[in-house]
Amino acid sequence: MLLIVYNIFFTLLIPILIINLFRKSKKNQKYKHHVKERLSLKIPNVKSPIWIHAVSVGENIAISPLVQSLTLEYPNDDILITMMTPTGRDEVKKLYKSNQNIYWSYLPYDSSLLLN
């Protein structure tokens with residue numbers, strides 16, 4: 001029952017979250033980019049990745065030794081890094097753009113209507 005209440009509540013919040021992204025985009029235009037990723041409409045198509053979530057720039061820098069170790073230990077596995085901020089996204093892109101097995105996306109909003 002609580003899961004149903006949570007899903008209804010969070011789903012109702014999504015329009016407010018999107019409005020907030022556009023409000024934030026007045027200071028940083030990149031907040032309004034990639035909204036489809038946040039809605040789980042356009043995320044990297046990888047099967048069973050090693051998934052790491054790091055919210056912002058500092059956390060993405062902090063996980064870089066872990067990511068490098070994982071790429072050495074599991075060279076055939078894909079790694080998906082999710083983040084919440086445009087600066088975090090820029091940092092991930094800068095750090096891993098040359099690695100073919102590392103993908104990145106904004107963390108999708110947690111709604112059973114959006115996530116499969």
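**Entry 1: the H3/H4 crossing.** I looked up the handedness first: helix H3 passes helix H4 in a right-handed crossing. A crossing is right-handed if the near helix is turned clockwise from the far one by less than a right angle, and left-handed if anticlockwise. The model is a predicted one, in which local features need pLDDT of at least 70 and side-chain atom pairs count only at pLDDT 80 or more, while totals for chains, interfaces and linings use all residues. Residues are numbered from 1 along each chain as its sequence is written, and side-chain values use heavy atoms, leaving out hydrogens and water.

H3 covers residues 57-73 and H4 residues 86-96. Both are DSSP runs, numbered from the N terminus (helices: H or I, at least four residues; strands: E, at least two). I noted that their axes come within 9 Å and cross at roughly 30 degrees. The axes are lines fitted to C-alpha atoms, for helices over the stretch in contact, and angles run from 0 to 180 degrees between N-to-C directions. H3 and H4 are therefore roughly parallel to each other (angles under 35 degrees count as such).

**Entry 2: who meets whom.** I listed the contacts (heavy atoms within 4.5 Å). From H3, Val57, Asn60, Ile61, Ile63, Ser64, Val67 and Gln68 meet Thr87, Gly88, Glu91, Val92, Leu95 and Tyr96 of H4. By class, this contact has seven nonpolar, five polar and one charged residues. Ala, Val, Leu, Ile, Met, Phe, Trp, Tyr, Cys and Pro count as nonpolar, Asp, Glu, Lys and Arg as charged, and the others, Gly among them, as polar.

**Entry 3: cores.** A nonpolar core is a set of buried Ala, Val, Leu, Ile, Met, Phe, Trp, Tyr and Cys residues joined through side-chain atoms within 4.5 Å; buried means under 20% relative accessible area (1.4 Å probe, protein chains only). The largest core has 13 residues, of which Val67, Ile79, Ile81 and Tyr96 touch the most other members. H3, strand S2 (79-83), H4 and strand S3 (102-106) each supply at least two of its residues. I then checked Tyr96: leaving aside residues up to four places away in sequence, its partners include Val67, Ile81, Ile102 and Trp104. A second, separate core of seven residues includes Ile14, Leu21, Leu39 and Tyr109.

**Entry 4: Glu37.** I found Glu37 in helix H2 (residues 35-38). At 7% relative accessibility, Glu37 counts as buried. Glu37 and Ser105 are 68 residues apart in sequence, yet their C-alpha atoms are 6.4 Å apart. Not counting residues up to four places away in sequence, Glu37 touches Lys42, Ile43, Arg89, Ser105, Tyr106 and Pro108.

Key: Angles under 35 degrees count as roughly parallel, over 145 as roughly antiparallel, 65 to 115 as roughly perpendicular and the rest as oblique. Buried means under 20% relative accessible area, exposed over 50%, partly exposed in between (1.4 Å probe, protein chains only).
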